[in-house]
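Good morning, and thank you for making time for this presentation. Please bring up the sequence and the model, and we shall go through them together.

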Amino acid sequence: MNVGQSIGALVEVLTTLVFIAIAVAILEGVLYLVLVRWLRARLAVPLMLMAPAVVGLFALIAYPLLWEFNVSFTNMSLRNFCEPGFPTLGLFSECRTPGENMFNGLDNYVSVFTRPILQQAGFFQVLWQTVIWTVINVSLHVGGGLALALLLNRRLRGRGVYRALIVLPWAVPQIVALAVWRTEFHAEFGMVNQLLGVVGIDGPSWMTESFWNFAAMIIVNVWLGIPFMMVILLGGLQSIPGDLYEAADIDGASSRQSFRHITLPLIRPVMVPSVILGTVWTFNNFNVPFVINQNELETSDILVTGLFRAAFQYNRYGFAAALAFVIFILLLAFVIVYVRRTGALRGATE
Amino acid sequence: MSSTTIPSPIQAAAATEVVAKPRARVRGGGGGRTDGPLKLALIHGVLLIAALIAAFPILRVFSVSLRPANQLLEREFQFIPEGATLEAFGHVLTGTAFPQWLFNSLIITVGTSLVGLIVAATGAYAFSRYQFPGRGAGLTVLLATQLIPATMLLVPIFILSIQLGLKDSYRGLMIAYSVTAVPFSVWILKGYYDTVPIELEEAARIDGCSQLEAFWRVLLPLSTPALAIVFLFNFLAAWNEFVLARVLIGSSTELFTWPLGILRFQAQFQTQWADLAAASILVSIPVVALFLYSSKWLISGVTLGGVKG
């Protein structure tokens, strides 16, 4: 470890913290003068308490989103890097072609749907890949998680040990798991093909064939995602009172009937929100496709990795901004429809 | 930007915990019905296979990390390699920049988790103890930020940070990490504060505390478990974050956090297998321990949302 570098890093972290502290102090001071001294506002205290969070979220989310929305109507790119006509506090003073009109209306939004968004793949192909990715993953997460949860929800020797082992993929830092999996899919030296070799199967070349690469992504993500669903559903199962099953037993219900009429309806309140969360996270999953595929095959891209490529490999910022909003609207529409139909978040904000 | 990475385990667990409170006490034993010996054997078989699939890749990493330098590219599958050695751990710790990257991650993560905790603790107090117009809407907006794909914010954050001179330094990254977990933390803490009887603070005020003193001396000490969880969650979110770090500091090796570094070991054509394995183990052990310790706490519903008294 390099002492000079470490001290440098430490100094930078500390000065940043001091900077944040000073900024918060100034903010609170101004609010105090304005709200308490000048306006004598009744709600001065809660406003002052929330101010740092509000300002931080505005800086990190709201302002960048507004700015991005503006950029989505321009042809901004690495070559055309100018003030996009949004109040940016004079950030873009060094414009190479001052006064040039970057505004290109809805062009970006039109080309999202009509032109390839990557080099070969068009929007609908990538959307299709994303839908397949999400559907397969979420159904396997929920199916596998529910099956394991049902098995673990009984008197069983070694229950704790099974649970701890099955939860491991979720506990390991994700980037570690992904870097390791990527090497394990190596056609020659990786574990997957070596194990297939033991059974006498000649493993495919996971990193270069489109179909197998996509399959590898799904295998890894299913491995990563089942533990979460299992734990959540197990929690739901354990909250179902045992007397219900005893009563059903006395009434002569088969175990299938108990499952259908007791278990399923009663874990619904746990299952529905976790399916929403699972879908959103899978749809937005960047790390898995990015690390397993390493920006190589376009056939393995889902929308968010495609967006990353459009922005940081092809440097088409205006276009990428438009694509981002299209993706966001798709996701928002899904969530609104799903929440309406299931009443999932009813009461969550009470 | 609440979903900078895939949410960490803690966030995931707690998020669902908040939405879906268990409606009855957790039963001790499970299903209650007794199974025949054949069925029991079948159940054990399935669970054993599942546990094996879950744990095998991880065991395999241990095996790879023990390989001596002359058999890094092993075609035969062996669990404990011939001439097993701890060389790779020594090499990672002394011969690479890995300790530097770990150190960078550690100071950034500790600093930003503290800031995030303070910001969320005060914000949540306002949401829990005051009525003001826009309160419900504010909570909904906080929840809605979880929907925004992190990748969506990368373009504007990247360009704005170049313009502000925040790229290739920790300043931009740290500000982002401090705020990332705030919406989620506010939800957790607000839920927890709501379960602490307001009478306790009122009693303190009768004894002469100001409102903020009551918050500081009564509510915060009573909320230690929730504060610990939120700190832990902030910590793990920043510790495991990858894509924003890649965009903001990905071009300067000496600034790397460990996720960027570990992917460097896994370079495209010449993976340093033993180094990667050893580094993975070194990073994972504390995180897995912390996770296994805290998840039990989180998921049992003892601490969050459902807390009474």
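At what angle do the axes of α4(B) and helix α11 (residues 224-239) of chain B cross, and within what distance do they come? The model before you is a predicted one, and in it these two axes cross at roughly 135° and come within 8 Å. That angle makes α4(B) oblique to α11(B). The crossing in which α4(B) passes α11(B) is right-handed.

Let us look at who takes part in this contact. From α4(B) come B:Ser105, B:Ile108, B:Thr109, B:Thr112, B:Ser113, B:Gly116, B:Leu117, B:Ala120 and B:Ala121, and they meet B:Leu227, B:Val230, B:Phe231, B:Asn234, B:Phe235, B:Ala238 and B:Trp239 of α11(B). Sorted by class, the contact of α4(B) with α11(B) holds 10 nonpolar residues, 6 polar ones and no charged ones.

B:Leu117 sits in helix α4 of chain B, which covers residues 98-129. With B:Leu227 the separation along the chain is 110 residues, yet the two C-alpha atoms are separated by 7.4 Å.

I turn now to chain B as a whole. Its secondary structure consists of 14 helices and 0 strands. Of its 309 residues, 49% count as buried. Among the contacts in chain B with a separation of 6 or more, 78% join residues 24 or more positions apart.

How do the two chains meet? In the model, 104 residues of chain B are in contact with 99 residues of chain A. On the chain B side, α4(B) gives the most, with 14 residues. That side divides by class into 69 nonpolar, 27 polar and 8 charged residues. For the complex, the predictor gives an ipTM of 0.84 and a pTM of 0.84.

Helix α1 (residues 3-39) of chain A packs on α2(A) at an angle of about 150°, and their axes are 10 Å apart. The two helices are therefore roughly antiparallel to each other. In passing α2(A), α1(A) makes a right-handed crossing. On the α1(A) side the contact includes A:Val24, A:Leu27 and A:Leu31, and on the α2(A) side A:Leu47, A:Met48 and A:Pro52 are among the residues involved. By class, this contact has 12 nonpolar, no polar and 1 charged residues.

Helix α2 (residues 44-71) of chain A has another partner, helix α13 (residues 317-342) of chain A, and here the angle is about 115° with the axes 8 Å apart. This crossing is left-handed. The contact is made by A:Glu68, A:Phe69 and A:Val71 of α2(A), together with A:Tyr317, A:Gly318, A:Ala321, A:Ala324 and A:Phe325 of α13(A). These residues divide into 6 nonpolar, 1 polar and 1 charged.

A:Thr134 lies in helix α4 of chain A. With 21 C-beta neighbours inside 10 Å, A:Thr134 counts as buried. Leaving out neighbours within four places in sequence, A:Thr134 is in contact with A:Thr279, A:Thr282 and A:Phe283. A:Val280, 146 residues away from A:Thr134 in sequence, is 8.7 Å from it in space, C-alpha to C-alpha.

Finally, a word on confidence. Chain A has a mean pLDDT of 86, and 92% of its residues reach 70 or more. Which helix of chain A has the highest confidence, and which the lowest? The highest is helix α4 (residues 123-152) of chain A, at a mean of 95, and the lowest is helix α7 (residues 191-199) of chain A, at 86.

For chain B the mean pLDDT is 79, and 79% of its residues reach 70 or more. Over residues 1-32 of chain B the pLDDT is below 50, although this stretch has 107 contacts in the model beyond near neighbours in sequence. Residues 300-309 of chain B also stay under 50, with 30 contacts beyond four places in sequence. Where pLDDT is low, the predicted coordinates should not be read in detail.

Thank you for your attention.

Methods
Residues are numbered from 1 along each chain as its sequence is written. Chains are lettered from A and ligands numbered from 1 in the order in which they are written. This is a predicted model: local features need pLDDT of at least 70, side-chain atom pairs count only at pLDDT 80 or more; totals for chains, interfaces and linings use all residues. pLDDT is the predictor's confidence in each residue, from 0 to 100. Helices (H or I, at least four residues) and strands (E, at least two) are DSSP runs, numbered from the N terminus. Two residues are in contact if their C-beta atoms, placed from the backbone, lie within 7 Å. Ala, Val, Leu, Ile, Met, Phe, Trp, Tyr, Cys and Pro count as nonpolar, Asp, Glu, Lys and Arg as charged, and the others, Gly among them, as polar. Axes are lines fitted to C-alpha atoms, for helices over the stretch in contact, and angles run from 0 to 180 degrees between N-to-C directions. A crossing is left-handed if the near helix is turned anticlockwise from the far one by less than a right angle, and right-handed if clockwise. Angles under 35 degrees count as roughly parallel, over 145 as roughly antiparallel, 65 to 115 as roughly perpendicular and the rest as oblique. A residue is buried if 20 or more other C-beta atoms lie within 10 Å of its own, exposed if 12 or fewer, and partly exposed in between; C-beta atoms are placed from the backbone.
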